[in-house]
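Dear colleague,

I am handing over the structure below, and after it you will find notes on what came out of a first look.

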Amino acid sequence: MIHTLLLATQVLHAPHVDYVAILPELILIGGALLLMLGSSLSSSRPAPGTWSGFTVVVAAASIGASWYLWDQVSRHGPQETVHNAVAVDGFSTLFLILIGVALLLGSLVADGYLRREGLDGPEFYVLAMLSGAGGMFMSVANDLIVVFLGLETLSIALYVLAGYHTRRKESSEAAIKYFVLGAFSSAIFLYGIALVYGATGSTNLVSIATYLSQNVIVTNGILLAGIAMLIVGLGFKVAAAPFHNWSPDVYQGSPTPVTGYMAAVAKAAGFAGLLRVLFSAFGSMRTDWQPVIVVLAALTLVVGAVGAMVQTDVKRLLAYSSINHAGFVLVGLAAATTAGISGSLYYLFTYTFVVIGSFGVVSVVGRHGDGRHQLEDYRGLARRNPFLAAVFALLLLAQSGVPFTTGFLAKFYVISSAVQARSYPLAILSILTAVVGAYYYLRLIFIMYSSPAGEAEAVAVELMITDVAVSTGAGTTLVEEVDEVVVLAETEAGPPELEVPTSTALVLTLTGLFTVAFGLVPGTIVNFAHQATLLVH
Amino acid sequence: MSSVLAAASTIPFSTGTGGFGFPILPAIVVLPAIAAAAVALFVPRHRPDVAKVVGAVISVAVAGLAIAMAVRFRTGTPGYQFGVEHSWISAFGIQWKLGVDGISVFLVTVTAVVFPVAILGAPVTRDPKSYVGWMLLLEAACLGSFLALDVFLFFLFFELTLPPMYMLIGRWGGPKRSYAALKFFLYTFAGSALMLISLLVLAYLHDRTYGHLTFDVIALTTQQHLSTDTGILLFLGFAIAFAVKVPVFPFHTWLPDAQAEASTGGSIVLAAVMFNLGTYGLVRFCLEMFPRAAVALAPLMLTLGAVGIVYGFLVAVVQTDLKRMIAYTLVGDLGVIVVGLFAFTRQGLSGGVYQMVNHGVSMGAMFLLIGVVVDRFGTGDLRRMGGLQSNAPLMAALFMVVTLSVVGVPGLNGFIGEFLLLIGTFVTHRWWAVAATVGVILAALVFLWAYQQIFHGQPKERDRPAMADIGRRELLAVAPLVVLIVILGVYPRPFLDRINPSANRIIAHVSALTNQAEPAVATGARP
């Protein structure tokens, strides 16, 4: 019996594992385990901020390791390791760094929030680190199975994080919704893997590509169905329309720092998987999947922009706006060129900072109980807390694509790739949604900077819509005059001072500076994104 | 096609500081931007006086630099001067490239002169710190737009004008300010969206033909591989953006709202600077980059201009709100300029440019005075005004000078520009010149009628206390503009010496390229 077992183990070769190549992930997993172990062994409660501080250190170490890998890649070129299941190239290291940064910033935002809500504990950070590791595995995956493993690690941790605010009904609802739909999409993804394996005989992305280049498949129905299912599964993760329905509810219900983290990491990892699978494995079938991506991009852009217009809840608004952002990333992907990919990468990278900063503001304004997220709760924010309002205004302007912020070049980059690929309708559509986007971002900024009293803006917004509909350029003036009482209220009857925790203030300062500095001098990040695509195989 | 390629000659671009010892153009652009950042970051909210001083000093300093630049500007050369170029985003071939030629030189100067007028002459009581900050940022963006010689950079600055202008209307305006601000933003943003696509297509077509990606204005102007059909589409992309900004009928509907709701400072900048951005864009990008398309579409642009003239002035006549009335005359006024630009003659073009400069000077002064008038009466309603002359004779005199300048009385600036423009248009487009002349007459009607309503007769509301004449601060602010009105009117030569070579260059460029394609127009283009 033992003999046969021994024989079996001899047959089953464990692959050589290059631990340095997966060091960033290992650091996160090790950190998570250490934190879990340490906190369960020690009986005394450490000083507040210890857990998040630990997470920041771990994330920084992981970024350092990713940076080392980036350096290695730029010197020695990309390589495959761990039995070709992991790819170490510019593309994957960019995402490693991105996810590490998101984890670092996210845990800083979470610190103040969790303490305010009385939820502080090591579990949050353990889950965050594990989900980060999952996202990282998705980005380095060179094998569909590894993509799936990463996807599940990421998602399961996020399901729990979404429900972390146990006293809020909405939080549990978000977790259940995310879990049910997420599990469903994972199943579809898995089925897609099975079909692709059936059609090509491999789950390794490079082997699939090689197989497809060497064989002409006469009836490729199974393969196409498999690809379609992979796109659906990953499309769910990135909240691309029509697979976006979960995201407004989940974004709204989850604890706000989780929303920011989720919006950054899940989206980044999802796109990493999507880009890698489509380009690495199915690059030769571009003509088959490109139209699908074009349609997805168009739908996502429109659904996001139109959906955001009618929201009165800021978290839902940002959820729809992040759907719109996903549409922009898909525009770069739909171009299916190097410029397109680097545009998408640039977009994702800059978007990470913007979205974490934005939800950082929202988590502060939400106050105790995480419930004040109506547009009206933002009225007069500039007067109550000029710093918060200024940073939020800046980040919203960046999201709308105002020049000299990172957001402008991001939009410019993907749209230019669409123009270069001569898909003019998509370019025009995306820029039109950017115009719509300007409307809802500005409305929010305006509310922050308007005096607390009066319905002036609401009236103005309604007037605006009717006028745009009515005006054919002939009218001398608008509809009728509207009596508006604009009260410049000097007294503030609103809620008391908003407290911005130091760690959150740090994140807001960092994201704000990043957004402006790299908006003024974008060269570094453009080259970064550009280099990352050159290395994709 | 190859002969056309050979015909395209390059445009001189001279670098160097022109004796200033420092790069003058970046200084003009960057100085207000840095000051804006400094005001936003370092001036405490409870010390608005500091912000006001910074705003005044910086904007006056920038005006000084711009005037010095215009004085040192070498006459008789058609190309760009004081040029600077640095690589900026190399992956896209985007440069930080600035330069000034005869078309832009006085637009820069007027812009730089108008901003201190707006900041000093029309201060606000509500949150002056932010007001000054936004004003300075807007100044940087406007100056940058006039000076940028990289299409991408131009677009950045052009877009960057929107958030500050939005804020200036939306926070410091009248009762319907938020509506007006949003309408302004969305109209212009939607317009420039099409421009972005066009400029990308332009750059990538250049890339496809010449093998390198560039957004350089000069390179894109001298490339002539575009077919007329492509050119027409791209022309439209740019033209719609500028037509919204100018605004050309029928894209004008945002203007009366924005102009009427904006605070005095905001409306000065809108009238004196923002519209020039649109007309400048039409010359620099539409005319110069797509000459064949411009010639092909000239009838359309001329017609829209002419309709705008008649429509603008006629609608102005029936307005009862002073600011709204003058706002509609702007539509007509700008229509006249558009007609001059698309007549494709040397006089028409230099007259058009001259008229843009006039427009900035006169309308800046006009809206400053209107601000004072509205302030004195406490209302913008013309029916409730009257009899101001007895109380405020100095204001009446200034208002009259500005009015006469706008309606084009000889001896003042409006006459020179309109005369050149009408002559230039008459040579090639007789009937449009007639339409423009009708507009000039209607303008006189509207402005003189407004003058009567405000200053003549008896005060309508007798219980109102005696109204003060123009204050010292306002006088100080409007004085430089009135001086410019007179100088531009009696001694136009130094101005035309600088404008003409560049205007001639553009007309020569257009006729050289359209000679082959459409000889009929080229005959007309020779003066």
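**A threonine and the chain interface**

The backbone oxygen of B:Ile218 lies 2.8 Å from a polar atom of the side chain of B:Thr222, and the backbone oxygen of B:Ala219 lies 3.3 Å from a polar atom of that B:Thr222 side chain. B:Thr222 belongs to helix H9 (residues 217-222) of chain B, helices being DSSP runs of H or I with at least four residues, numbered from the N terminus. B:Thr222 is buried, at a relative accessible area of 17%, where buried means under 20% with a 1.4 Å probe and protein chains only.

Please keep in mind that this is a predicted model, in which local features need pLDDT of at least 70 and side-chain atom pairs pLDDT 80 or more, while totals for chains, interfaces and linings use all residues. Residues are numbered from 1 along each chain as its sequence is written, chains are lettered from A and ligands numbered from 1 in the order written, and side-chain values use heavy atoms, without hydrogens and water.

Turning to the interface, 48 residues of chain A and 49 residues of chain B take part in the contact (heavy atoms within 4.5 Å). Between chain A and chain B about 4500 Å² is buried, with carbon and sulfur atoms giving 75% of that area (the accessible area, 1.4 Å probe, that two parts lose on being put together, summed over both).

With kind regards

Key:
Helices (H or I, at least four residues) and strands (E, at least two) are DSSP runs, numbered from the N terminus. Buried means under 20% relative accessible area, exposed over 50%, partly exposed in between (1.4 Å probe, protein chains only). A polar contact is a pair of N or O atoms within 3.5 Å; within protein, one must be able to donate a hydrogen and the other to accept it, and residues adjacent in sequence count only if both atoms are side-chain atoms.
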